[in-house]
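Thanks, everyone, for making the time. Please have the sequence and the model open while I talk through a few places in the fold.

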Amino acid sequence: MLGFLKEPVVVTAKINLSLVALTVMGLISRLWGLCYPRAVVFDEVYYGQFVSLYMKRIFFVDDSGPPFGHMLLALGGYLGGFDGNFLWNRIGAEYSMNVPVWSLRLLPALAGALCVPLAYQILVELHFSHCAALGAALLILLENSLITQSRFMLLESILIFFILLAVLSYLKFYNLQKHSAFSGSWWFWLLLTGVACSCAVGVKYMGLFTYMLLLATAGLHFWHMIGDQNLSNVSLVCHFLARGLALIIIPMGLYLSFFYVHLALLYRSGPHDQIMTSAFQASLEGGLARITQGQPLEVAYGSQITLRNVLGKPMQCWLHSHTNTYPIRYENGRGSSHQQQVTCYPFKDVNNWWIVKDPGMQQLVVSNPPRPVRHGHIVQLVHGITTRYLNTHDVAAPLSPHSQEVSCYIDYNISMPAQNLWRVEIVNRESDTDVWKTILSEVRFVHVNTSAVLKASGLSGASLPEWGYRQLEVVGEKLSKGYHQSMLWNVEEHRYGKSQEQKEREVELHSPTQMDISKNLSFMAKFTELQWKILTLKNEDTEHKYSSSALDWITMDTNIAYWLHPTSGAQIHLLGNVATWASANAAALVYLCLSLWYLLRRRRKIYDIPEDAWQLWMAAGGICGGGWAVNYLPFFLMEKTLFLYHYLPAVTFQILLIPVVLQHLSDHLCRSVLLKSMFSALVVAWFSWVYFVYCTFSPLTYGQPALAPAELRALRWKDTWNILIRKQ
């Protein structure tokens, strides 16, 4: 029974020493001197703030993309014991001793290093030679821009890693398709493709470009499978479902999980709360949650409330009034009602309080038991401090003459009676009998007499003049059929009014009723709101010293100075390997011209290369050339500030195209032994040039050694490069 113990247990394994060597060289090139400089480098000043907020569990919103990349950077900080206490206020600031610089920069550096063996394996899976694969890996290894971007707390190297991992995983899955469909390894690589795509999108939305490319490739391959008569209908359905699960369902679920972890980690109130809805703010510890804790949930007749506009951008504001009136005549000569001003005020103030009154009763207190206000009920809104009623009438608003003026009614004993009845419409109701709820309900107020809707028009326009204290205009919007957020309001602060006397009413406190409103906001509701904010909240784009256009990237007419030593000439620049970038452009042009030539010849039934070589050529072009196109061309349609680092995913694919073209030229255009020998000698000379350029610019890649002004001037190979030279 124990006979198997008589023989030794032997494990044999095939180790690709070239792959091991490439991995080691990649690690050395990215990890060497990782703590240098011990100062904030370029966008570390931006991402470092988010790492600190993660460490302190403080909520934030970054409009640049999803949270997965930020969480990976924060993981580095957590592993290094970072407490989040550092002021990320300027580039070049020296890190204090509590900042684990090596740990914070480790994950981007590892991701950048692993791109080297990934490039090798992608060329192998595309069925190119070991020599071509080795060349691709070495080009990635010696690419100065990729080294620079990998060595700091930035996201591009992580993005490129997941993009290349997704491509490699799909190629491995596809190559297993014919002989090992539905095997364990087949499933592993298919699932890893979906996971890597989701991670790429979770780091930056630029990952969507490669994800769409792989989905299109998978769709094309499945279309060819449909024509395979050897596959049964059941088998085709199984293939379709497997791809749908791995490439769509699982990535979507994983993408949701990034936000779930993000929201679970960031449970404290922070500086970005104000752009979120009141319900979202109330779900965070501290901030609005401290104010709303214990509020009554249901709004009743007699409730004292503040009304926050749902739009919340460019700033949050609350329905507000004060004793001042509209001027009798505006600057343009138009007349007003001279009623009490109603505005939207961007700060919390006692004049933001209103009382919900039943038009059929005089009392301004909540009865016992409370009578809740429901969808469709008619109410009057009484200003808490001045006790005047919210009113609108057929008078033009001060800044929006096509809309009605909104005021608090003053009886001047003239032929302008009060029109102060408003119908409550709960937009996000589940039924027509829904109760108006604190924070949760989004409400439109429709004027009974004119059907105008209460709207904070000032959020999309100019502020009121000096007579309106530069506050935001509120109007009655006529003939409104939509639910624009500027017309929606939610109750933020709420208490049940108990005193009929005005003096006592002004000092009433919150009711002691304990109602945890945050439990009513589900994860999906929070995810939907946060995702919408990320997609729609855009910081005002300003021209940056190192911003560039997409056209500048191809010829590398631009660079970015990442860091400058305060005393010496040592500096770090994002600058590509000129030899590699020029060769990548040439390879793309050669590939395009040759492809068009082959297509024209094949149309005439002239086949210059064998069919398998043609399929190989097109497949490599689809991945490498297609990867470059989908990661580059969309930037011509984007209205945002662009930088050279946005081009790095695209140029990575373009670099992979170089050995593809070189091998093709060697195999199919160099027909004689002499031509092949000459071509090989040219390739060696060219690669020596690539290595020479890498060594030449490595002081600007690694920031050391410091160069003299004359040496720096010698590195300014283009007039458009901004190499920093100190005046002597």
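**Domains, a cavity and one arginine**

The protein chain is split into domain 1 (25–261 + 546–715) and domain 2 (294–514), with bounds that come from an automatic or database domain assignment. Taken over C-alpha atoms, the centres of domain 1 and domain 2 are 54 Å apart.

This is a predicted model, in which local features need pLDDT of at least 70 and side-chain atom pairs count only at pLDDT 80 or more, while totals for chains, interfaces and linings use all residues. Residues are numbered from 1 along each chain as its sequence is written, and side-chain values use heavy atoms, with hydrogens and water left out.

Among the residues that line the second largest cavity are Tyr-54, Phe-60, Asp-62, His-70, His-262 and Leu-530.

Finally, where does Arg-602 sit? Arg-602 belongs to helix 17 (residues 578–603), helices being DSSP runs of H or I with at least four residues, numbered from the N terminus. Arg-602 counts as buried because its relative accessibility is 18%, where buried means under 20% relative accessible area with a 1.4 Å probe and protein chains only. The side chains of Arg-602 and Glu-611 are joined by a polar contact of 2.9 Å, that is, a pair of N or O atoms within 3.5 Å, one able to donate a hydrogen and the other to accept it.

Definitions and conventions. 1 Å grid on protein atoms, 1.4 Å probe; cavity = no way out; pocket = protein on both sides within 12 Å on 5 of 7 lines; lining within 4 Å. Helix = DSSP H or I, 4+ residues; strand = E, 2+ residues; numbered from the N terminus. Buried < 20%, exposed > 50% of the residue type's maximum accessible area, 1.4 Å probe, protein only.
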